[in-house]
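Work through the exercises below with the structure open. Try each task before reading its solution.

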Amino acid sequence: MYDEQGAEYIDCINNVAHVGHCHPLVVQAAHEQNQVLNTNSRYLHDNIVDYAQRLSETLPEKLCVFYFLNSGKERVVFANTWCGTMALALPDILRHLPQTFPRRPVLPHPICPGKWQHRLRLCSRSEANDLALRLARQYTGHWDVVVLDHAYHGHLSSLIDISPYKFRDLDGQKEWVHVAPLPDTYRGPYREDHPNPAVAYASEVKRVVGSAQEKGRKIAAFFAESLPSVGGQIIPPAGYFPEVAGHIRRAGGVFVADEIQVGFGRVGKHFWAFQLQGEDFVPDIVTMGKSIGNGHPVACVATTQAVARAFEATGVEYFNTFGGSPVSCAVGLAVLDVLEKEQLQAHAASVGSFLMELLGQQKAKHPILGDIRGVGLFIGVDLIKDEATRMPATEEADYVVSRLKENYILLSTDGPGRNVLKFKPPMCFSLDNARHVVARLDAILTDMEEKVRSCETLRLQP
């Protein structure tokens, strides 16, 4: 990336520009389709069918119904203001809204006939998860949701309610929301030395479900990012999701995998992060956004025929004005083309493994680096003040991020303690980028050990 003065930065955190900022093939696809036709989704166009077909080829067969949506949390929130607060003066509204602003859909839409057996619907990150919540509740006839601690699923009111990361600083936890421990094997109750952390953490979900049922509550869904990001770049232990899905489904609920930050080949080994949990594990609903359009506003929900039919049975068709537009689908197809032509999934596996190796070498050198965890180009570096207690080194992590920015490297922190350096770069992030970033990190940490010495781990010699 470049600032207004032309200075060049290495971007280590922008998982929205999935295949690279302003990738020429993606830009070209949008431009060419704009020159031919871009209209709302009442008008049938082959791009949406072609795009759904391509997506279906990456997913398990049972996930064969697709809802396409807009993307961008702020736009959805402002759309509510536009539609619902007409007392606000028009100049005030226009001052806050972009010129090409998508209005929130409110009208029904006929089913779009397709050329193949899968079915389509037209549906933002927040919009995708909000729709997933509606689908789960309609299908199960239940209302309650189980989520992971520190989770974040979007900015709509419905999603703030199921995001502990947000609701704990706002209105608090609703009675229909049930929070299970984050499956964190570094900081959680079941750590790397536990004989079976997957089953142990899944048993916590079973306990939460049982407690809810004792109060007469009924579970509609379990929501989880396939790799919890805001929670601190967490890698759930293998086998955790299948165990959880069993507990949730026996309670009458469905499993929703939020792939918005981690899908589309980022994990390297697989196209979807939920596939890290085993070939036989299939969520009931998958949500996707951000990387799906490389920054273009598009998102998608994939689900089963059974869930979709229950949703249709309401008699209220789902319609989205701009979701699945010809341009959005052209962009989505171009992103898939680039991923395939440039072999970016394999690239993520290779570069991610190399970056993990380099960071591991730094962990042996710098005691403040408590844990290095990740898969593909999804990596977390957990900074600690004390090796025994693993106290989060929050201020030190913030200092590292600031120093990296001075060195023209963009990185940020996440996790409950804001002490985890998160790597989620565009998929074109290279071996040379990895070497350069780690060399700068090494120099900064060495300088901190010599001059800052603000915590025990900066005063220790390995």
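**Overview**

The protein chain holds 15 helices and 14 strands; these are DSSP runs (helices H or I, at least four residues; strands E, at least two), numbered from the N terminus. This is a predicted model, in which local features need pLDDT of at least 70, side-chain atom pairs count only at pLDDT 80 or more, and totals for chains, interfaces and linings use all residues. Residues are numbered from 1 along each chain as its sequence is written, and side-chain values use heavy atoms, leaving out hydrogens and water.

**Exercise 1.** Describe how α1 packs on α11.

Step 1. Take the geometry. Helix α1 (residues 24-36) meets helix α11 (residues 326-341) at an angle of about 155°, and their axes lie 8 Å apart.

Step 2. Classify the angle. α1 is therefore roughly antiparallel to α11 (angles over 145 degrees, on a scale from 0 to 180 between N-to-C directions).

Step 3. List the contact (heavy atoms within 4.5 Å). From α1 come L25, V26, A29, A30, Q33 and N34; from α11 come P326, V327, A330, V331, A334, V335 and V338.

Step 4. Sort by class. Eleven residues of the α1–α11 contact are nonpolar, two are polar and none is charged.

**Exercise 2.** Do the analysis for α13 and α14.

Step 1. Helix α13 (residues 394-406) and helix α14 (residues 431-452) pack at about 125°, with axes 10 Å apart.

Step 2. The contact uses E396, Y399, V400, R403 and L404 of α13, and R440, L441, I444, L445, D447, M448 and V452 of α14.

Step 3. Eight residues of the α13–α14 contact are nonpolar, none is polar and four are charged.

Technical notes
Parallel < 35°, antiparallel > 145°, perpendicular 65-115°, else oblique. Nonpolar A, V, L, I, M, F, W, Y, C, P; charged D, E, K, R; others polar.
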